[in-house]
Amino acid sequence: MTLYSRILGTGGHLPRNVLTNQELERMVDTSDAWIRERTGIRQRHIAEDGETCVDLAEVASRRAIEAAGIAPHDIDLIVMATTTPDQTFPSSACLLQNRLDIHGCAAFDVQAVCTGFIYALGIADKFIRTGAATKALVIGAETISRIIDWTDRGTCVLFGDGAGAVVIGAADEPGIIDSHLHADGAYRELLQVPAGIGNGGNGSPFMEMKGNEVFRVAVTTLGRIVDEVLEANAMTRADIDWLVPHQANMRIIQATARKLDLPMEQVVVTVEEHGNTSAASVPLAFDAAVRDGRIERGQTVLMEAFGGGFTWGSVLLRY
Ligand code: ACO
């Protein structure tokens, strides 16, 4: 019997602190009208001083575990996608494992920036399909505000903090139907944080982005992702009930929906309230639509993301 994985429960968490476009107008030379027109964003949540990525991940994880109807100790794999780990090491997955009082199972971080959750879910699915795990906690969590230059209007209006999580478990039928993961490191100059531990802290510790060039590659690539995943599974656009895209920019989301011929009513959009929460954006959006009853059991969902690296990918699943 082929083993598959399916989603048992979802959870999400946002910091309490909200930063509106109007407040940003007082910080940099921007306007609410410019931000809404170019990105769709109205507000974003920002972690308070002392509130860490693992703090956010813990709340989202506990909600996902509760929704799955299992106990933390039932989990035998933790994969956490983040660009903003609490420490250089231990990994955020290990710190989270300890918070949840889980001991002994594999726990590791995945770094694929905005595509991180898609990578993490694809990896966890393969662990379950091979029988190496039976119940996996998969998290996307970020305190991306900490790598933003709050004087750079080209980036600071776009991002927010948050965490989303799912628990997946072994099943006789999908569940997760397919995943496709890609990267091309040739695009570093368009989107990066130059400084890192390994290069001795050389360069800026903040995000640098050539926004309009990233935009162009993102739209083309996301169109290709849609074709790739549908073709690989002999499906048509009509088979997709819901698109859960990475929430970078409303215009990129609309372009992908057009490619799928999907009306915006079948696209989960949180970018207005959350901004771009990087690896947290897809699981936060998915959790929102599951909890408010839009996404129902048995429906077919396409998740996709594009981000720094560049990295990009998709997960196709039956909820
Ligand atoms: N407020 C007002 N004006 C601004 C702002 C701002 N916040 N930011 C830039 N501008 C100005 C620019 O300086 C420029 O002015 P100029 O014409 O006088 O030179 C003008 O607005 C147009 O700038 P563009 O960069 O061409 O604007 P664009 O329409 O491309 O929108 C944006 C910019 C929103 C950043 C868009 O390019 C975008 O969303 N890019 C993709 C971002 C993305 O998807 N990132 C990938 C994921 S992130 C990750 O992986 C970490």
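# Chatting through a two-domain model

Guide: Let's start with the layout: the C-alpha centres of domain 1 and domain 2 lie 14 Å apart. Keep in mind that this is a predicted model.

Visitor: Okay! Which residues belong to domain 1 and which to domain 2?

Guide: Domain 1 covers 4-173, and domain 2 covers 177-318.

Visitor: How many residues are in contact between the two domains?

Guide: On the domain 1 side there are 54 residues, and they are in contact with 47 residues of domain 2.

Visitor: And where does the largest nonpolar core lie?

Guide: The core has 41 residues. It lies between the domains, because domain 1 and domain 2 both give residues to it.

Visitor: Which of its members touch the most other members?

Guide: Those are M207, I240, L260, L302, F306, F310 and L316.

Visitor: Which helix gives the most to this core?

Guide: That's α7, with 7 residues. Elements that each supply at least two residues include α7 (211-232), α8 (250-259), β12 (300-307) and β13 (311-318).

Visitor: Can we zoom in on L302? What is it in contact with?

Guide: Leaving aside neighbours within four places in sequence, L302 is in contact with V226, V229, I240, W242, L243, V244, L260, S314, V315 and L316. There is also another core, apart from the largest one, with 35 residues, and V244 is among them, along with A112, A289 and Y319.

Visitor: You mentioned α8. Which of its residues are buried?

Guide: In α8, the buried residues are M250, I252, I253, A255, T256 and A257. They pack against α2, α7, β11 (242-245), α9 (271-274) and β12.

Visitor: What caps the N-terminal end of α8?

Guide: N249 does: one of its side-chain oxygens is 2.7 Å from the backbone nitrogen of R251. After α8 comes D261, which has a positive phi near 60°.

Visitor: New topic: the ligand. How many residues surround it?

Guide: There are 27, and the closest are T30, R38, C114, N249 and G308.

Visitor: What about R38 and the ligand?

Guide: For R38, a side-chain N or O atom is 2.7 Å from a ligand oxygen. The side chain of N212 also has an N or O atom 3.2 Å from an oxygen of the ligand.

Visitor: How far apart are R36 and D32 along helix α2?

Guide: They are 4 residues apart in α2 (residues 32-39), so about one helical turn separates them. As a rule, an α-helix has 3.6 residues a turn, so residues three or four places apart point the same way.

Visitor: Is D32 buried or exposed?

Guide: D32 is buried, with a relative accessible area of 12%.

Visitor: What does R291 form a salt bridge with?

Guide: R291 pairs with D287, and their closest N and O atoms are 2.7 Å apart. Both lie in helix α10 (residues 281-291), 4 residues apart, about one turn of the helix. R291 is partly exposed at 49%, while D287 is buried at 7%.

Visitor: Last one: where are the cis peptide bonds?

Guide: One joins P174 and G175, with omega about 20°. Another joins G309 and F310, with omega about -10°. G175 is in the loop between β7 (162-171) and β8 (176-183), and F310 is in the loop between β12 and β13.

Visitor: Why point those out?

Guide: Because most peptide bonds are trans, and most residues other than glycine have a negative phi. On the phi side, S278 has a positive value of about 55° although it is not a glycine. S278 sits in the loop between α9 and α10, and it is buried, with a relative accessible area of 1%.

Notes:
Residues are numbered from 1 along each chain as its sequence is written. This is a predicted model: local features need pLDDT of at least 70, side-chain atom pairs count only at pLDDT 80 or more; totals for chains, interfaces and linings use all residues. Side-chain values use heavy atoms; hydrogens and water are left out. A nonpolar core is a set of buried Ala, Val, Leu, Ile, Met, Phe, Trp, Tyr and Cys residues joined through side-chain atoms within 4.5 Å. Buried means under 20% relative accessible area, exposed over 50%, partly exposed in between (1.4 Å probe, protein chains only). Domain bounds come from an automatic or database domain assignment. Contact means heavy atoms within 4.5 Å. A salt bridge is a side-chain nitrogen of Lys or Arg within 4 Å of a carboxyl oxygen of Asp or Glu. A residue is near a molecule or strand if one of its heavy atoms lies within 4 Å of it. A polar contact is a pair of N or O atoms within 3.5 Å; within protein, one must be able to donate a hydrogen and the other to accept it, and residues adjacent in sequence count only if both atoms are side-chain atoms.
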